[in-house]
There are 4 protein chains.
Amino acid sequence: MKVGVLTGGGDCPGLNAVIRAVTLALCQADARTEVLGIQRGFWGLVEDRLQPLRPTAVRDLLDEGGTVLGTHNRADPFDWQGRDASAEALATVERHGIEALVVIGGDGSLTIADRFARLGLPIVGVPKTIDNDIADNERSFGFDSAVAVVADALTRLKTTAHSHGRVMVLETMGRNAGWIALEGGLAGGADAILLPEQPFHLDALTERLQRRVAEQGHALVCVAEGATLADGAQHWQQLGGVARLGGIGQALTHELDQRLGKQGTEVRATLLGHLQRGGAPTAFDRVLSTRFGVAAAQALRERAFGHTIALQGDRCVRVPLSAVAGRQRCVPPGHELLDCAAVVCA
Amino acid sequence: MKVGVLTGGGDCPGLNAVIRAVTLALCQADARTEVLGIQRGFWGLVEDRLQPLRPTAVRDLLDEGGTVLGTHNRADPFDWQGRDASAEALATVERHGIEALVVIGGDGSLTIADRFARLGLPIVGVPKTIDNDIADNERSFGFDSAVAVVADALTRLKTTAHSHGRVMVLETMGRNAGWIALEGGLAGGADAILLPEQPFHLDALTERLQRRVAEQGHALVCVAEGATLADGAQHWQQLGGVARLGGIGQALTHELDQRLGKQGTEVRATLLGHLQRGGAPTAFDRVLSTRFGVAAAQALRERAFGHTIALQGDRCVRVPLSAVAGRQRCVPPGHELLDCAAVVCA
Amino acid sequence: MKVGVLTGGGDCPGLNAVIRAVTLALCQADARTEVLGIQRGFWGLVEDRLQPLRPTAVRDLLDEGGTVLGTHNRADPFDWQGRDASAEALATVERHGIEALVVIGGDGSLTIADRFARLGLPIVGVPKTIDNDIADNERSFGFDSAVAVVADALTRLKTTAHSHGRVMVLETMGRNAGWIALEGGLAGGADAILLPEQPFHLDALTERLQRRVAEQGHALVCVAEGATLADGAQHWQQLGGVARLGGIGQALTHELDQRLGKQGTEVRATLLGHLQRGGAPTAFDRVLSTRFGVAAAQALRERAFGHTIALQGDRCVRVPLSAVAGRQRCVPPGHELLDCAAVVCA
Amino acid sequence: MKVGVLTGGGDCPGLNAVIRAVTLALCQADARTEVLGIQRGFWGLVEDRLQPLRPTAVRDLLDEGGTVLGTHNRADPFDWQGRDASAEALATVERHGIEALVVIGGDGSLTIADRFARLGLPIVGVPKTIDNDIADNERSFGFDSAVAVVADALTRLKTTAHSHGRVMVLETMGRNAGWIALEGGLAGGADAILLPEQPFHLDALTERLQRRVAEQGHALVCVAEGATLADGAQHWQQLGGVARLGGIGQALTHELDQRLGKQGTEVRATLLGHLQRGGAPTAFDRVLSTRFGVAAAQALRERAFGHTIALQGDRCVRVPLSAVAGRQRCVPPGHELLDCAAVVCA
């Protein structure tokens, strides 16, 4: 059997561990299986760039960040520089005798995978999202690693904040879904956690931070890049203007510095950016990636095509690609973690 | 309202984070709530050693390992140096006007809690086990931290193993339940994972390690302290004899060194011991501890006494203390993680 | 004997370890010694804000980042909101019967200390600079911790850079002295290291990065915030214009992205900022801080006032405050580390 | 030019970084230079096992623990399974046209290198010792990484010790030279540091630990494997008897547990063992390894054969191999770090 594997979209810790587990599982089940890595996501499928993946070679990939196959943020065969190149992608599959494809990718890649599946290509998906926001999947690999980076950054910022009596603002990833800021903020001891799902009130925030500075000498704010103001148009524009230059973290810091500076409290911003998605996966993510990879190989052997693996209730299950494509999993109102944030940030 | 909090049994990362979350949640819900920490587990209840837990004081405990309350491995009021001292424990509760108790502890402590609950003491339990082996609870705080330590140790041992062409054996905790060795071994890239739940064959193990050394130049074994031989009495006694001196890791290393030494492969042992339970909790464990603490406070406010918090399907639920007491959660046959181990250790 | 201790200027890892060592050393030598912490640097000396430092209380400070005394970036008693408040500072000293002062601070604080020493105040200095740029001192505490953060960040960025075939630019601290970028870049495997001491040529840099992307699929740039262009006025203004908005890292990234984007290589920036000075000190810095603290206490007991501690040839020596004040230690031409950078970045 | 490179003796973090720097420096100076890696130390020289080291291949080795060349603890061509095999080693050199050799190794390997140098082989040495005990060299790569592991272990043990009111004993490497225990103990906040260079008094130790447990609720002991008793023959035999089974850490723990157990204080042992030499080098060690590698390449180009690189006063210098061979650098009486230990362990 010949199987192709590709990784699409932004990189995240654990991709290599999935590649490793898929390859080992397929080759162990049947030593004649040939696994082909497709380079740079769907780009390599259109451009016919493949490389063999051998068990001995992938074994060492467990704790390596990123993806040895490379990836591509915007490579859609159905919208290829203005035209449809899906036929070329299918031709590559045929040319190499690839019988099935494992697509490790986010919402975008899984939506493309769904389209190919509808065209008859045997595909198994593996959900990849550092934001933990793929529908029907409780926890994605890479997310724990990102949360650990956020928590570590907050812990570092705390000592500086405390020494100078400052408020420190940390901006994390999370345009629509605030999971990273929420878990990272909880793990890092933030005094305020601002999410896209819960517009915040600037006056209430200011007052809470003032109180916290008075109580403990400093305060930490963890804000998702997609967090928004609830205070109405005027403030929104004000922050929005600055945001255009440097993001919500900068804008919020500027505004809070104006407000709290009167009482002698400085406010400073830090933008984590790419640091959240690089580096070796945490132990948790290595295990989860291995589970996803083994489950994908098993789905493939059982010909459960057109499905993606998902974690539900601590078990790997299969969900139709069509059910996942185009949907996003945000923090729902009333979620347990919001209760936790309400308690520790009170 | 007056609430007592105690931590019992062996320490583990996240205990302080639970203490913090319980205290903050109780005081936030009702500012008049008084939280009293009971020192060194049930020992402090008998000996009347209490200390106040104030929100401002506990706030900083999030990432501190161990427990500020202290703990005790063998303090059972019902079996107190040969007699029943439960009345003294109850007297302490009454003397201080404690209306309810939060018991953060393992199987032993929760069993004692169950006995007190049957005597009418309003108790909410929080499961604490670094081994992840409390019944009806999918994941306990401290476990992720222990797994991270095991994975990190294996990663370190790997470079030494490879440089010298050696087999390295790492012994982890896990007398009856092998979760730490299983997840730690998966996360650390072990070539063999030996669990109490799956007696191993010495000949098959030897052969697999030989193969791995030939393939990749070294091999890593992750063995739980309670792992046992399937080879029958003779071998068992042989290993058992050495085991009496230094544990299964030493015994196994000695035996493998004899067998593999003939081909010039050295085998060396490392015993992680206490390193697995100390230190700051991982980001994951800080979040989980916070959830458990907040859930316990809520159960207490809703007077759901006689229950312990448990994680099921990524939600904190309540389970009767009596259902948990005296039971242990081992790795069940056919568990997904065993499939993973079978693949990567093949 | 009564001794005052203060920390001035920006915080850095190891300050608390120095405070601890000074206090323990003074109290051990003479149990009657009283150590008084002065809050927020020279601010607390003017404002008379002191707190006792007791051996039992400081013992736990070894691995805590920042300073428990607090610090202040711009508190100069000789230029106090437009007037000279040095008499108030001296009055505080007299009022509390302080016989000598330990000033842990950077160039600014040590210059103030020198002025007070000339006025007859018995002072011992401890050099504090995360930038490793205090004159006559080979290595300052906090620097190793900052270098470790930079190296870790580069390691994280590398996996993302490689997965996407990108160039990643990391901006570090270092306005005039490039030590952090130099050692951090060497430790993190940067392909280009840009320092204030060595103006760089944009064309040569572009060409080198192109070559590196071709060779290894990605490239990493480590640039100190004070790095400058050698290309003359035109380019300088061009970069300078953007620099006004977001610093050299942003400006350089913008320029490189324009140049390399034509060949399909994206360039992305990360600004480490405050993450470099927060958090627990590395093991190295804990030892160095302890040495500095013990050496300061000994200098104090031997009444070697008017001196600051310095590391020279792996020994703590004493240097006159006047010799250090107002001087800065930059990377000298021909330094061994520049040879190293020339080799690995070739 | 053709250059051979080998790594001998026990592995340590930074070996690969030296290999990388030597190779890059030699190839950059002259692109026609051919670097040959000799496998498993002097074993590969006798057995003629070589592999090419190319710049593009070594570039990624900076943060990889161990040595890609492999190493061997007991491969002496002059004492080769009972005979002299040095001629075979020299024949390998000649057969491949190797013009000079870089030997990265400890006292043993450098002594062999010295013998070969006297036979006319052009050799440059690089000192390798995780124990930091090579003569005339102030700091060796790998040592900082080992110290960091010890400090981290003590930090972990502290939370457990404190939660249970225990004394924890950590045994580190250091048979004759106690640098690792000394710096590791200082960095990890040990309450007692026991070195081979300073025999300790059991009664005084017991009393100090009792005092510390009374003061702070726990105590940490950091003991080098070669630490010895000053109490005379009787105690020595007693501890020595147990030591035969499990080392000084076990023996000391057993004895202290007997003594302190009477007051209800438990004592527990941890043996770090191989964990101290595995894993990625710290940032500090990556820089130092790079410096050593670049300096070795430069010495080679300048034909300064028969010398080894050494760090003195923060500069890489050259020392005759004969001056280093057979000597060991222990902690000298009156060393600054001993003063520090005396202060913080008082």
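**Domains and chains**

Analyst: Domain 1 of chain A and domain 2 of chain A bury about 540 Å² between them, with 54% of that on carbon and sulfur atoms. Buried area here is the accessible area (1.4 Å probe) that two parts lose on being put together, summed over both. This is a predicted model, where local features need pLDDT of at least 70, side-chain atom pairs count only at pLDDT 80 or more, and totals for chains, interfaces and linings use all residues. Residues are numbered from 1 along each chain as its sequence is written, chains are lettered from A and ligands numbered from 1 in the order in which they are written, and side-chain values use heavy atoms, with hydrogens and water left out.

User: Thanks! Where do the domains of chain A run?
Analyst: Domain 1 covers 2-142 + 279-324, and domain 2 covers 148-276. These bounds come from an automatic or database domain assignment.

User: How many residues does each domain of chain A put into the contact?
Analyst: Domain 1 of chain A gives 6 residues and domain 2 of chain A gives 8. Contact means heavy atoms within 4.5 Å. The centres of the two domains, taken over C-alpha atoms, are 36 Å apart.

User: How many salt bridges does the rule find across that interface?
Analyst: The rule finds 1 across the interface of domain 1 and domain 2 of chain A. A salt bridge needs a side-chain nitrogen of Lys or Arg within 4 Å of a carboxyl oxygen of Asp or Glu.

User: And what does A:Glu183 form a salt bridge with?
Analyst: A:Glu183 pairs with A:Arg139, and their closest N and O atoms are 3.1 Å apart. On the side of domain 1 of chain A that touches domain 2 of chain A, the residues divide into 1 nonpolar, 2 polar and 3 charged. Ala, Val, Leu, Ile, Met, Phe, Trp, Tyr, Cys and Pro count as nonpolar, Asp, Glu, Lys and Arg as charged, and the others, Gly among them, as polar.

User: Switching to chains: what rotation superposes chain A on chain B?
Analyst: A rotation of 180 degrees with 0.0 Å of shift along its axis does, at an RMSD of 0.0 Å. Copies are superposed by least squares on the C-alpha atoms of residues with pLDDT of at least 70 in both.

User: Which residue of chain A comes closest to the rotation axis?
Analyst: A:Gly313, whose C-alpha lies 1.9 Å from the axis. The same surface serves both copies, as 98% of the contact residues of chain A recur in chain B.

User: How far apart are the nearest C-alpha atoms of chain A and chain D?
Analyst: They are 12 Å apart, and chain A and chain D do not touch.
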